[in-house]
Number of protein chains: 2
Amino acid sequence: MTPRKATLVGTGLIGGSIGLALRRSGWVVVGTDHDAANAEVAVERGALDAIGEDPASDLTIVATPVGAVAGEARRLLDAGHRVVTDVGSVKASVVAAVDHPGFLGGHPMAGSEQDGIAAATADLFEGATWVLTPTAATADDTFATVRSAIVTLGADVVALAPERHDALVAEVSHVPHLAAATLMRLADDRAEEHRALLRLAAGGFRDMTRIAAGHPGIWPDIVGENRDAIAAVLDRLIEALSEVRQVVVDQDRDGLLDLLEQARAARINLPARLGQPDELSEMRVVVPDRPGSLAEVTTTATEADINIFDIEIAHSSEGDRGVLILLVETDQAGGLQQALVERGYRVSHQRVLD
Amino acid sequence: MTPRKATLVGTGLIGGSIGLALRRSGWVVVGTDHDAANAEVAVERGALDAIGEDPASDLTIVATPVGAVAGEARRLLDAGHRVVTDVGSVKASVVAAVDHPGFLGGHPMAGSEQDGIAAATADLFEGATWVLTPTAATADDTFATVRSAIVTLGADVVALAPERHDALVAEVSHVPHLAAATLMRLADDRAEEHRALLRLAAGGFRDMTRIAAGHPGIWPDIVGENRDAIAAVLDRLIEALSEVRQVVVDQDRDGLLDLLEQARAARINLPARLGQPDELSEMRVVVPDRPGSLAEVTTTATEADINIFDIEIAHSSEGDRGVLILLVETDQAGGLQQALVERGYRVSHQRVLD
C-alpha cells in the first residue's frame, strides 16, 4: 500500500507537531517554511521527510500565521494541490477569501505558551478539539480527506460554520488571552513600585497568566481578522466586571455568591475529552447532490452538541443524491435525527451491534 | 526535649494542612472546628493529635474564614494563649481589631480550587510565600515564634505592612479570582445558546478559569474586608481592558504587540521559588527597645525585595536596646544596609564563612 503523502507549509509549533504526528502514522511529509532554517530543523527533528512541496500530496496543510493563509492556500490550489486545509485561529475571512472546493478551513484548539519547531510534539493534538468549517463550496472528498487525517492525529473533530467558530473562539480563546495579558501587565506596572508584589503571585495567578508567556507575533493577525467578535466579547467582559465591581462596593453577599456559584458549577462541568461512546448507532442521511449538504449536516450536529464519531460519504450511482453514514452515540441519535428532519433531510438510524 | 505544641482553630484545607505538616515535624497538635465533624476527620487524617484547645500551646493558629478571625483571636488571647496567628486573606482590618502583642497576622499564598480537610496535604506550603504582617504592637517573641513555625512548613516568609499586603493581594489574588469567575460565567451564559462553545475551551481557557472551581463560601468575607482595594484594582482592570478594546478596534498592531510583549516579559520573569543563596552575610541591626522596630526592619527588607533567610532577636542585657541578626544574600546586604541606615538604624554586616 502506498503511503499517504502530505505537504506542510509552515513548520512552527503546530505545523511541526502535525508533521511529527503524521509521520508517526506512516505518512510521508514534505514541507517548507518562510524561514528556511526552521524547515531544516523540522527535518532534523523528524517532522519532515524532506524540504519541498508536492502537488501530488493527498493533503496539504497551511500552518502559517493567519494573515498569510488565504494567499498561500490560493497559491497551492493553483499549483495543483487537491486538498488544502489550514490551522489558523480565525476562519470566516480566510474561508471567504479562498472559496474553493479543495479548501477546508481548520483550527486545532491546542497549543502552548511555547512556540516554534523546538516545542513541537507528536501528541500535541491528542484529545484536542479540532474545528473544521465546511461551507457550500467545500467538496465532500475534501472534507473526508481532511477529517480522516485529523482523526489520525488523535483529535476530536467538530464542524462549525466559519462565522460561528470566530464568535465562539473570541469568547473562549482570544479574549481570555487578552485578559491574561492585561492582568499580568497590571501586576507588572505595580511591581515596578512594589517589588514584593510578584512574590505574592501564587498558583492561581500563575495559572491565569500562563498563556501570556506566549509569543505575541501571532496576535496582530488574529485581532485583525476577528476584530468585531473580539470587541463584542471585550464589551461584555467590561460590562460584567463593572457588575462585579458594583456587587463588591455594595457588599452584596448574595449577589457575589450567585456570581461565583454559577462560575463554579460551569467550571466543574466544563466538558472533558469525549469519552468512548456507550453504544453507537449508524445514521443514514439521504442528501441531495447539491453543495452544502455535508456542511449543513455536520454543523447541525455540532450545534446540537452531538458528536459524530465517524462519517462515510456514499455517492449514489444515480448521481442526483448521496447518503451520509454517520456514527453517533445511540442516546443522541434521536436528537440528531429530529434536527435533520426539521431541515428537510430523510434520516434513518439503527444500533450498531457488536 | 519536650515537643512543641500547637492549637489549631479551624481544620479546613489550610488548617488541616498546617496540622499535617507540624505533626510531621514532631509537633503535638490539638484543635477544634466550628463543625465538630470536620475536627473528627482531622484527627482521623492525622492532622490533629486530639480535639481541643490548649492555652499552654507554643503557637495557636486561627484558620477560620476571615470574618471570624478577629473574634477568635481575641477569645484565645483572653483565654491565655500566648502567641496567636491567622491565615486569612485580608489583614489590615483583622490586625487593627486584635491589636495585641501576642497576635501576628499571617497569610500563606497557597491553596487549591479544592477545599476542606479532605484536600489537606502536609506539603501544601512547600515553596509557598507566607506573608506576616507585624506592626508596632507585635512583640518580638511573637514574631520569632510564628516565623520559626512557618519555616518548618517549608514556606518562604516575607513581612509586609497589613495595608500593603491587602493592596497587593487585591492585585495578584482577589481580582484575578473575580476575573476568572467572570470569564467562566460569560462563557457559560453563551453556552446555553451555543452548546458547542465549551467544547472549544482548550488548555489556556482551562488554566485561566481553574480557580473559579473553588468554593465561593470564603469570598463574601474577603470582599467585605478588602472592598476598597478590590474596587480600585477592578477599576484599573476595566480601564486597561478598555484600552485593549481600543487597540483592537483601531487595528493598532504596534500597540497590541507592546501590550503583549510587556505581559510576556513579566510572565517569563515571574519570580519562582527562592533559590538557595550563593553566599550569605550576617547583618547586625542595632534596634532601640521600642515597639515597631522589628516590623520596620522586616518590612523594609520586603519592600526592597530582599529576602531574610533567617532572623535572630537578641535582647541586650542593658534593656534599652537589642540586636537583630539577619541572614541575607551577600549581594543584597549592601542594599538592605543602606535602606536601614536611611531609617536611622545602625547596621553592620559580614560574610558568613563556611
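**Note on the predicted two-chain model**

1. B:D99 is partly exposed, because 14 other C-beta atoms lie within 10 Å of its own. By the convention used here, a residue is buried if 20 or more other C-beta atoms lie within 10 Å of its own, exposed if 12 or fewer, and partly exposed in between, with C-beta atoms placed from the backbone. B:D99 is found in the loop between α4 (92-98) and β6 (103-108) of chain B; helices (H or I, at least four residues) and strands (E, at least two) are DSSP runs, numbered from the N terminus. The phi of B:D99 is positive, about 45°, although B:D99 is not a glycine.

2. Some conventions apply throughout. This is a predicted model, in which local features need pLDDT of at least 70 and side-chain atom pairs count only at pLDDT 80 or more, while totals for chains, interfaces and linings use all residues. Residues are numbered from 1 along each chain as its sequence is written, and chains are lettered from A and ligands numbered from 1 in the order in which they are written.

3. B:Q251 is another residue other than glycine with a positive phi, near 50°. Its place is the loop between α9 (227-249) and α10 (253-268) of chain B. B:Q251 counts as exposed, because 12 other C-beta atoms lie within 10 Å.

4. The relation between the chains is as follows.

5. The contact between the chains takes 83 residues from chain A and 83 residues from chain B; two residues are in contact if their C-beta atoms, placed from the backbone, lie within 7 Å. Elements of chain A that give two or more residues to the side touching chain B include β7 (129-133), α6 (162-193), α7 (203-209) and α8 (219-225). The largest share, 19 residues, comes from α6(A). By class, this side of chain A has 52 nonpolar, 13 polar and 18 charged residues. Here Ala, Val, Leu, Ile, Met, Phe, Trp, Tyr, Cys and Pro count as nonpolar, Asp, Glu, Lys and Arg as charged, and the others, Gly among them, as polar. Because 100% of the interface residues of chain A are also interface residues in chain B, the copies meet through the same surface.

6. A:F205 lies in helix α7 of chain A. With 25 C-beta neighbours inside 10 Å, A:F205 counts as buried. Apart from its neighbours within four places in sequence, A:F205 is in contact with B:V172, B:S173 and B:P176. A:F205 and A:A180 are 25 residues apart in sequence and 9.4 Å apart in space, C-alpha to C-alpha.

7. In chain A, eight strands form an open sheet of mixed pairing, in the order β3-β2-β1-β4-β5-β6-β7-β8. At the edges stand β3 (50-51) and β8 (156-159) of chain A, each with a single partner strand, so one side of each is left without a neighbour in the sheet. Strands pair if DSSP finds at least two bridges between them. β1 (residues 5-9) and β4 (residues 59-62) of chain A pair in the parallel sense over four bridges, and A:L59 in β4(A) is the bridge partner of A:A6.

8. Six of the six residues of strand β6 (residues 103-108) of chain A are buried, so β6(A) is largely enclosed by the rest of the structure. Both faces are covered: A:F103, A:G105 and A:H107 are buried on one side, A:L104, A:G106 and A:P108 on the other. Strand β5 (residues 84-86) of chain A runs parallel to β6(A) and is joined to it by two bridges. A:L104 in β6(A) is the bridge partner of A:T85.

9. The buried residues of α12(A) are A:A333, A:L336 and A:L340. They cover an arc of only 80° around the axis, which puts them on the same side of α12(A); the arc is that of the directions from the helix axis to the C-beta atoms. On the other side of α12(A), A:D331, A:Q338, A:V341 and A:E342 are exposed. α12(A) is followed by A:G344, with a positive phi near 95°.
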